[in-house]
Amino acid sequence: MGSGAALTALGHQLRYLRQSAGMTLTEAARQLRTTKGHLSNIERGRDRPGLTIVAFYEEHFNGDGQAFGLYIESVTSWRPRQRQSIASRPRYPIPGDGSTFVADITVPDGTIMPPFFIFQKVWRVRNSGTVPWIGRWLVREGVPGGYGVPRSPYRVPIPDTQPGDEVDLVVPVQAQALEGSSQAHWKMKDADGWEYFPDRYPAGIVLSIVVRAGAPAPEIRRRD
């Protein structure tokens with residue numbers, strides 16, 4: 001499904017959830033502190049909603065995760081291409097290329113949350129080398145979702161980053177259904193899926209959460 005089709009399907013799903021719950025568009029807009037016109041455009045598939053709006057519809061209108069799945073499709077409809085042969089593999093790591101983890105900005109490791117909780121995970125990293133980062137991606141290792149693991153996009157773009165600069169890596173995530181601890185791992189890769197640092201960072205960047213039925217929704221604060 002392309003991003004345009006996913007956006008239209010997402011809008012229809014959001015409208016269906018709201019109407020099924022018996023809430024008017026005016027009331028939904030009031031609670032979300034947005035305009036009725038903007039919310040109407042979202043439900044018509046004309047505007048892309050932010051994660052906060054999708055999470056509101058999922059939580060307040062008893063969504064089953066379908067809206068979040070369509071949101072993921074709307075922000076990244078890319079699918080991994082068939083990679084080139086090993087013989088044509090790029091020569092990574094690039095001399096002078098360097099990456100240093102700075103901090104967890106949201107959702108520290110071990111954060112407790114209810115099943116299906118939707119949030120944004122943010123890590124901060126520094127380009128600690130001498131090579132600009134251009135056209136790079138943060139790519140998830142393994143399956144991008146399941147009953148016992150958090151759900152997320154397969155990949156998200158890394159903003160272009162000059163040597164010495166820091167950048168925030170932002171991934172929308174939905175907690176798994178199954179109670180217990182879980183982890184998800186991401187690595188920096190190129191458009192064909194080759195790692196920029198194949199000889200370093202074996203675990204990549206890690207998300208670690210704990211899901212408990214009945215747990216209150218955690219307050220997501222940025223640690224800037």
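Which strands does α4 lie across, and at what angle does α4 run to β3? I opened my notebook with that one, keeping in mind that this is a predicted model. I found α4 lying across β3 and β6, with its direction at about 155 degrees to β3. Next I checked helix α5, residues 66-75, and saw that it packs on the sheet too, touching β3 and β6. The direction of α5 makes about 145 degrees with that of β6.

**The sheet itself**

I then looked up the strand order. It is an open sheet of 3 strands, β1-β3-β6, and the pairing is antiparallel. I noted β1 (99-104) and β6 (166-174) at the edges; each has a single partner strand, so one side of each has no neighbour in the sheet. On average, neighbouring strands here are turned by 30 degrees against each other, direction ignored. For β3, residues 118-127, I read off 9 bridges to β6 in the antiparallel sense. One pair I jotted down is W123, which stands opposite L169 in β6.

**Back to α4, with α2**

How do the axes of α2 and α4 cross? I took helix α2 (residues 25-32) and helix α4 (residues 51-60): their axes come within 11 Å and cross at roughly 120 degrees. That angle makes α2 oblique to α4. I recorded the crossing of the two helices as right-handed.

Which residues make the contact? From α2 I listed A28, Q31 and L32, and from α4 T52, I53, F56, Y57 and H60. Sorting the residues of this contact, I got 5 nonpolar, 3 polar and no charged.

How values were computed. Residues are numbered from 1 along each chain as its sequence is written. This is a predicted model: local features need pLDDT of at least 70, side-chain atom pairs count only at pLDDT 80 or more; totals for chains, interfaces and linings use all residues. Side-chain values use heavy atoms; hydrogens and water are left out. Axes are lines fitted to C-alpha atoms, for helices over the stretch in contact, and angles run from 0 to 180 degrees between N-to-C directions. Helices (H or I, at least four residues) and strands (E, at least two) are DSSP runs, numbered from the N terminus. Angles under 35 degrees count as roughly parallel, over 145 as roughly antiparallel, 65 to 115 as roughly perpendicular and the rest as oblique. A crossing is left-handed if the near helix is turned anticlockwise from the far one by less than a right angle, and right-handed if clockwise. Contact means heavy atoms within 4.5 Å. Ala, Val, Leu, Ile, Met, Phe, Trp, Tyr, Cys and Pro count as nonpolar, Asp, Glu, Lys and Arg as charged, and the others, Gly among them, as polar. Two strands pair if DSSP finds at least two bridges between them.
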